[in-house]
Amino acid sequence: METRTSDVFDVIVVGGGPVGLSATYEVAKTGAKVLVLEKNNFFNQAGSSNDLARMFRTMYTEDFMADLAKEAMGLWDALEKDSGTSLRLMSGLLNFGDKDYGGDTPEGTLMGPVANLKRHGMPYQELSAKDIEDRFPFKNLPSEWVGLFAPDNGVINVQLLLRTLLRIAKDYGAVAKQHTRVVHISPPEMIDVSTIWKLDAIYHEDQPITYRAKKIIITAGAYVNQVLQPSFGISLDLDIWEMVASYFNSNAGPRGTIFPSMWFQFAPDKNGRSQLFYGFPTLPWGPPNVVRIAVDAATRRIKDPKDRSPNVVSADDINDAQEFISQRVVGVDWTVPASTLSCLQTNVFDNMFVLDFVPERYLRSGPKDSVIVFTAGWAMKFVPLLGKALAEMALDGKSVYACEEFSMTRKDPKTGKGVIVDENLQHTMKRSYSTFSEQKSGSSFTFTQQASGSSRRGLHNTSC
């Protein structure tokens with residue numbers, strides 16, 4: 001038997017990950033009536049926000065991303081002040097490696113961010129290979145390699161962030177429901193003088209329930225098409241990476257091993273495998289004497305989260321990290337990881353965000369600018385900014401943070417393909433992917449070519 005709620009919410013947020021919770025918090029702060037719906041538990045492992053840490057970084061070559069990163073710093077400070085909770089360990093970030101790598105790509109080189117750091121008056125240090133080995137537990141670095149260290153970067157405490165956002169959103173009056181899966185958003189109806197959307201959901205997989213809202217924010221990450229396709233007849237052309245990361249034991253002493261900050265290595269591919277590696281220091285909120293080190297790439301790529309491997313991770317991606325540690329790192333035991341995890345990294349053709357209103361032509365008579373979508377890209381560092389942007393778009397109809405580079409209607413200049421796939425084209429694509437996968441991998445939406453690169457234009461992206 002279906003349950004209908006009599007409440008009409010100003011905004012319903014579909015997806016209770018960090019961006020969805022941030023949007024819920026920002027809407028609730030204004031006094032508007034807001035509900036967030038999460039299909040799994042809050043704080044789950046199904047998407048992109050599992051594990052203990054993510055990077056907050058400010059070093060970007062692209063001007064608009066550097067500007068947003070600078071703006072995000074103030075919004076992180078405001079969130080921490082409002083919640084009374086420190087959410088970041090601001091220990092800095094070291095980028096190092098081949099200074100010429102990326103020179104023939106739009107992203108630019110390792111030193112490319114210097115111009116934006118200078119423009120924003122943000123401190124940094126340029127380091128030689130010897131400087132890096134003196135300060136960090138690295139070895140065998142080529143003498144011509146260089147480093148760029150910026151202190152205005154840090155480690156995000158992901159699990160504390162999630163719990164803090166939910167707590168303070170509820171303190172401001174938000175309603176939060178977990179185990180509630182939205183299956184369809186129906187064309188709106190008129191109630192009094194307002195146009196109201198109807199959201200049909202399933203609670204605990206066996207109890208239908210209906211909610212109503214004036215505006216809808218969809219922040220379902222890799223699962224966004226499970227809401228868009230049945231509701232509006234469109235999907236986004238996603239390339240979802242199953243990112244793999246491992247924790248390794250570091251030397252507890254004597255002559256112990258300490259990484260003073262996060263770090264990222266720039267280097268060209270080797271034997272067809274990415275040499276982009278990153279690492280985190282031992283975390284105060286994590287187990288002692290373990291460090292996270294991983295390749296910033298993914299061998300296994302899928303088109304739909306239902307094709308995710310739930311209990312097997314890429315041995316090749318782990319092996320890449322082990323080889324890197326054995327050759328470049330001092331005092332970290334590479335032989336067997338202490339633990340390994342995977343998460344879903346959602347991408348579109350340019351590895352950048354989708355932050356936009358669903359175009360009016362797909363809304364099935366719904367009012368213009370009443371449904372907002374966020375997905376894709378490397379977003380954890382921008383969580384407070386994205387939450388603010390989504391709240392402004394829902395309540396005010398616009399946000400200065402909704403850059404044209406994030407448009408849902410943008411197209412790949414190389415191929416002419418867009419982010420949006422309508423139903424008819426999607427059926428054609430499914431047939432094409434099915435044929436491809438029969439040749440390549442045996443799963444209708446699985447690719448096994450490694451992809452890497454983590455910004456709008458990508459250091460490189462072998463998925464293209």
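Mentor: At a relative accessibility of 54%, E205 counts as exposed; in these terms, buried means under 20% relative accessible area, exposed over 50%, and partly exposed in between, with a 1.4 Å probe and protein chains only. This is a predicted model, in which local features need pLDDT of at least 70 and side-chain atom pairs count only at pLDDT 80 or more, while totals for chains, interfaces and linings use all residues. Residues are numbered from 1 along each chain as its sequence is written, and side-chain values use heavy atoms, with hydrogens and water left out.

E205 is found in the loop between β11 (194-203) and β12 (207-218). Helices (H or I, at least four residues) and strands (E, at least two) are DSSP runs, numbered from the N terminus. The backbone of E205 has a positive phi of about 65 degrees, although E205 is not a glycine.

R255 also has a positive phi, near 55 degrees, and is a residue other than glycine. R255 lies in the loop between β14 and β15, and its relative accessibility of 82% counts as exposed. The loop between β14 (239-249) and β15 also holds P254. G253 and P254 are joined by a cis peptide bond, with omega at about 5 degrees.

Beyond β15 comes another loop proline. P268 is placed in the loop between β15 (262-266) and β16 (277-280), and a relative accessible area of 39% makes P268 partly exposed. Leaving out residues up to four places away in sequence, P268 touches D98, Y101 and Q275, where contact means heavy atoms within 4.5 Å. P268 and Y101 are 167 residues apart along the chain, yet their C-alpha atoms are separated by 6.3 Å.

The aromatic rings come next. A pair of aromatic rings is described by the distance of the centres and the angle of the planes. Rings of Phe, Tyr and Trp (its six-membered ring) pair if their centres lie within 6.5 Å; planes under 30 degrees apart count as stacked, over 60 as edge-to-face and the rest as tilted. By this rule there are 21 aromatic pairs. One of them joins F264 and F266 edge-to-face, at 5.4 Å centre to centre and 70 degrees between the planes. F264 and F266 are both buried. The pair of F277 and F324 is stacked, with ring centres 4.5 Å apart and planes at 15 degrees. F277 lies in strand β16 and F324 in helix α7 (residues 315-328), so this pair ties together parts that are 47 residues apart in sequence. F277 counts as buried at 1% relative accessibility, and F324 is likewise buried, at 4%. F277 and F324 also belong to a cluster linked by ring pairs, which includes F96, F136, F138, W145, F259 and W263.

Two rings carry a charge over them, meaning that NZ of Lys or CZ of Arg is within 6 Å of the ring centre and within 35 degrees of the ring normal. R163 lies over the face of F43, 4.1 Å from the ring centre, and the charged end of R88 sits over the ring of F56, 5.5 Å from its centre.

Now to the helices. Two packed helices are described by the angle between their axes and the distance between the axes. Helix α2 (residues 63-83) packs with helix α8 (residues 383-396) at an angle of about 90 degrees, their axes being 7 Å apart. On α2 the contact involves L68, E71, A72, L75, W76 and L79; on α8 it involves V383, P384, L385 and K388. By class, this contact has eight nonpolar, no polar and two charged residues.

Helix α8 also contains L390, which counts as buried at 0% relative accessibility. The C-alpha atoms of L390 and S22 are separated by 8.9 Å, although the two residues are 368 apart along the chain.

Finally, the protein as a whole has nine helices and 25 strands. Of its 464 residues, 58% count as buried. Among contacts between residues at least 6 apart in sequence, 73% join residues at least 24 apart.

Notes
Axes are lines fitted to C-alpha atoms, for helices over the stretch in contact, and angles run from 0 to 180 degrees between N-to-C directions. Ala, Val, Leu, Ile, Met, Phe, Trp, Tyr, Cys and Pro count as nonpolar, Asp, Glu, Lys and Arg as charged, and the others, Gly among them, as polar.
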